[in-house]
Amino acid sequence: MTTATDSIFHRVITNNWPQISHGKDCYLYAEDGRAYLDACAGVHVVSIGHGVPEISAAMQTQADKVCFTYARFLTQPQIDLADKLTAMAPGDLNRVFFVSGGSEATEAGLKIARKYHLETGNPKKYKVITRWQSWHGNTLGALSMSGRSTWREDYMPYLLDFPHITFPNPSHCPYCKGQPACTLSCAEELERVIKQEGADYIAAFIAEPISGTSCCGLKPPPDYFPTLREICDRHNILMIIDEVVTGFGRTGKNFGIEHWQGVVPDIMATGKGLSSGYTPIAATLVRDEIYDGIYKKQNHYVHGHTYGGNPLSCAIALAVQNYIADNDLVARCAKMGDLLHEKLLPLEASPIVSAVRGGHGLLNGVEFSKDKSTGEPFDPQQGVTSAFVNRVFDKGVLIMPGSAGMIDGVNGDHIAISPPFTINEEQIEQVAQVIVDVVGEMEQELGY
Ligand SMILES: Cc1ncc(COP(=O)(O)O)c(C=O)c1O
C-alpha cells in the first residue's frame, strides 16, 4: 500500500491503490495477490501484453552487448529500429530522432519546426497553433502546445503564447450546434487564426489524429485533416501529428493519421506503444524536406537528450515492433476494437451517457452528461468520473479517467478504455459488462 509518508513524491497522496508485484498478458497482479484486468494498457501504452518472454530475451541479449552509448556513436539496434519505423510510417517520413518519452517527442517536433524555418529563410516563424482540449505533454514546450486548461493553469507564467483553435467535438462544437453535420468551421478557424496572428510568425500546427487522454476515441470527420493539411501548405506551416497514443497500431492501423488517406504530416511524434511500455523510448519522425532543410547550410543540429537512441531501449522497441508484426496484432487490435465498441454501444440508451466513442481500434471513450438531450454536464464537484473509475477498479478492471474539462476547460466527465491488443473475447465481454454494471449503479446513485 502506498502512503504519504514513504520516500516517493506521490502524484496523489490520497491514492490507496495497491502495490503491483508483476504483470502477465492483460493482467496486473498486486502484492496481495489480487488480479486487475488492465483495460487501459497503463495509459494507452501496453499493446502486446505484460511479461512477453521474447521481449525479456531481447533485453538480455542487448544488455550483454552494450546498454548505453552517447549520440556520437551509432549502434545496430538504433539503425535497425529507425529503418523499421521509416518503413512503417506514411509518405517520406524518412528520418527518426530518438528521445525517451512523448513530451520530448512533441517538444522535439516544435524545435525541429523552428529550426527548419530558421534555416530556410523564415526566421520570424516560431509559434505553434494547437487546439483546446488537446494534450501533447507536460514539459513546458509541450504544455504550451497543449489545450488542457486544468493542467496548464499552475504553469501559465512559463508558457509560450501559442494560439489555440476549437476542438472538433461534434457534441459540444459551438459552430455545429443545431447543424445536421459537421460544417468544418473548426478546421477553417485555423486559416482565420493564421491570418490574424500573421502567417510569417506561425511555424507549425499540431494535433492528435484521434484523441487519446483528452477525449478518448474522438475521430474527426473525413475532410478534417485534408482541410488542415491544405491550409498548412498554403501558408508554409508544418503539420505536426502527435501519434504518441495512436501510433503503432492502437487505432487499428500503424498510425492514426492513416485513417485520412493521402495526409502525410511533416513531423510525427510517437511514444507509448513504440515499446509497449517495456522501456522508456519515443521518436520524432520528419519528412525528407524538413531534414534536408535543416542541413542545407550546417552540419549539426543542436538538440537532444542523454538517453535518446540508447541501444538497450532501441533493441527492446525493435523486438516489440517485430512481435506486433509477427503476431499480426494491428489487425487483431482493429477486430477487438470493433467488438468492444459493439459491446459498449448499448450504453447510448443510458440517461447519463451522452457519447460512446470508438470503432477504430482499441481506443474507446464514454462521456457522461447530466442531461443528454442538451449535453449539459455534471457539476465537476460531483466527481462523477473518479467515482466511476473507482467502482470499476473495485470490480478488478482498470480504466482511465478522462481529463477534467473535456468540454470547455472546466466541465466534462468521461472515461477511456484501451486494453492491450492481445485482449480476448471473454475479457472484452468482462470489461464491457463491468462498465455497463457501473453505469447502472451510477444512474441509481445520481437519482435517474
Ligand atoms: C497525445 C499525447 N502526446 C504526448 C504525451 C506526453 O507523453 P509522455 O507522458 O510520455 O511525456 C501524451 C501523454 O499522455 C499524450 O497522450
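Modeller: The chain is divided into domain 1 (20-51 + 328-445) and domain 2 (54-326); the bounds come from an automatic or database domain assignment. This is a predicted model, in which local features need pLDDT of at least 70 and side-chain atom pairs count only at pLDDT 80 or more, while totals for chains, interfaces and linings use all residues. Residues are numbered from 1 along each chain as its sequence is written.

Biologist: How many residues of domain 1 are in contact with domain 2?

Modeller: 34 residues of domain 1 are in contact with 33 residues of domain 2, where contact means that the C-beta atoms, placed from the backbone, lie within 7 Å. The centres of the two domains, taken over C-alpha atoms, are separated by 25 Å.

Biologist: Which elements give two or more residues to the side of domain 1 that touches domain 2?

Modeller: They are helix H1 (41-44), helix H11 (329-344), strand S11 (353-357), strand S12 (364-368) and strand S15 (413-417). Helices (H or I, at least four residues) and strands (E, at least two) are DSSP runs, numbered from the N terminus. H11 provides the largest share of that side, five residues. By class, the side has 16 nonpolar, 17 polar and one charged residues. Ala, Val, Leu, Ile, Met, Phe, Trp, Tyr, Cys and Pro count as nonpolar, Asp, Glu, Lys and Arg as charged, and the others, Gly among them, as polar.

Biologist: And the ligand: how many residues surround it?

Modeller: 15 residues surround the ligand, and the closest are Gly101, Gly102, Ser103, Gly137 and Val244. A residue is near the molecule if its C-beta atom, placed from the backbone, lies within 6 Å of it. Helix H4 (residues 102-119) gives the most to this shell, with three residues. The shell divides into four nonpolar, nine polar and two charged residues.

Biologist: Changing topic, what is the span of helix H13?

Modeller: Helix H13 (residues 425-445) has 21 residues and reaches 30 Å from its first C-alpha to its last, close to the 30 Å expected at 1.5 Å a residue. The expected span is 1.5 Å times one less than the number of residues.

Biologist: Which residues of H13 are buried, and why are they on the same side?

Modeller: The buried residues of H13 are Gln427, Ile428, Val431, Ala432, Val434, Ile435, Val438 and Val439. They are on the same side of H13 because they cover an arc of only 155° around the axis, the arc being that of the directions from the helix axis to the C-beta atoms. A residue is buried if 20 or more other C-beta atoms lie within 10 Å of its own, exposed if 12 or fewer, and partly exposed in between, with C-beta atoms placed from the backbone. The face turned away from the buried side carries the exposed residues Glu425, Glu426 and Gln444.

Biologist: What covers the buried residues of H13?

Modeller: The cover includes strand S3 (35-38), H11, S11, helix H12 (384-394), strand S13 (397-398) and S15.

Biologist: One last topic, backbone angles. What is the phi of Leu184, and that of Phe248?

Modeller: Phi of Leu184 is near 65°, and Phe248 has a positive phi of about 65° although it is not a glycine. Most residues other than glycine have a negative phi.

Biologist: Is Phe248 buried or exposed?

Modeller: Phe248 is buried, with 29 other C-beta atoms within 10 Å. Leu184, with 18 C-beta neighbours inside 10 Å, counts as partly exposed.

Notes:
Contact = placed C-beta atoms within 7 Å.
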